[in-house]
Amino acid sequence: MPRDNVVLQCTECKSRNYATTKNKKTTTERLEFRKFCRRCRRHTTHRETK
């Protein structure tokens with residue numbers, strides 16, 4: 001299956017807050033979203049971890 005589960009990690013406090021899926025065939029680079037971090041208590045950039 002081309003779809004994989006990935007975990008998103010806050011770039012500031014390094015906590016792993018979100019889980020999502022991505023299509024590996026069409027999206028080869030790492031995902032990056034601006035999402036709310038409960039630990040930082042504000043919107044920060046979250047990147048896909050390995």
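This is a predicted model: local features need pLDDT of at least 70, side-chain atom pairs count only at pLDDT 80 or more; totals for chains, interfaces and linings use all residues.
Let's start with Cys40, which is partly exposed, with a relative accessible area of 22%.

How many disulfides does a search of the whole structure find? It finds 0. As a reminder, a disulfide is a covalent bond between the sulfur atoms of two cysteines. Cys40 is in no disulfide, and its nearest cysteine sulfur, that of Cys13, is 3.7 Å away. For Cys10, the closest cysteine sulfur also belongs to Cys13, and the gap of 3.7 Å is too far for a bond. The cut-off behind that reasoning is that the two sulfur atoms must be within 2.5 Å.

## Strand S1 and its partners

Take S1 (residues 3–10) next. It runs antiparallel to S2, and 7 bridges join the two. You can pick out facing residues along this pair: Asp4 stands opposite Lys22 in S2, while Val7 has Ala19 as its bridge partner in S2. The hairpin of S1 and S2 has 5 residues between the strands, and there Lys14 takes a positive phi near 65°.

S1 also pairs with S4, again in the antiparallel sense, over 3 bridges. Here, Leu8 stands opposite Glu48 in S4.

## Charged pairs

Side chains of opposite charge can pair when their charged atoms come close. This structure holds 4 salt bridges, and here is a look at some of them. In one, Glu12 pairs with Arg42, with the closest N and O atoms 2.4 Å apart. This pair links distant parts of the chain: Glu12 is in the loop between S1 and S2, Arg42 is in strand S4 (residues 42–48), and they are 30 residues apart. Glu12 is partly exposed at a relative accessible area of 44%, and Arg42 is partly exposed too, at 43%.

Another salt bridge joins Glu48 to Lys22, where the closest N and O atoms are 3.0 Å apart. Because Glu48 lies in strand S4 and Lys22 in strand S2, this pair ties together parts that are 26 residues apart in sequence. Are these two residues buried or exposed? Glu48 counts as buried at 11% relative accessibility, and Lys22 counts as buried at 6%. The cut-off for buried is under 20% relative accessible area.

Then there is Glu32 with Arg47, a salt bridge whose closest N and O atoms are 2.7 Å apart. Glu32 is in strand S3 and Arg47 in strand S4, so this pair also links distant parts of the chain, 15 residues apart. Glu32 is partly exposed, with a relative accessible area of 48%, and Arg47 counts as partly exposed at 41%.

Note on methods. Residues are numbered from 1 along each chain as its sequence is written. Side-chain values use heavy atoms; hydrogens and water are left out. Buried means under 20% relative accessible area, exposed over 50%, partly exposed in between (1.4 Å probe, protein chains only). Two strands pair if DSSP finds at least two bridges between them. Helices (H or I, at least four residues) and strands (E, at least two) are DSSP runs, numbered from the N terminus. A salt bridge is a side-chain nitrogen of Lys or Arg within 4 Å of a carboxyl oxygen of Asp or Glu.
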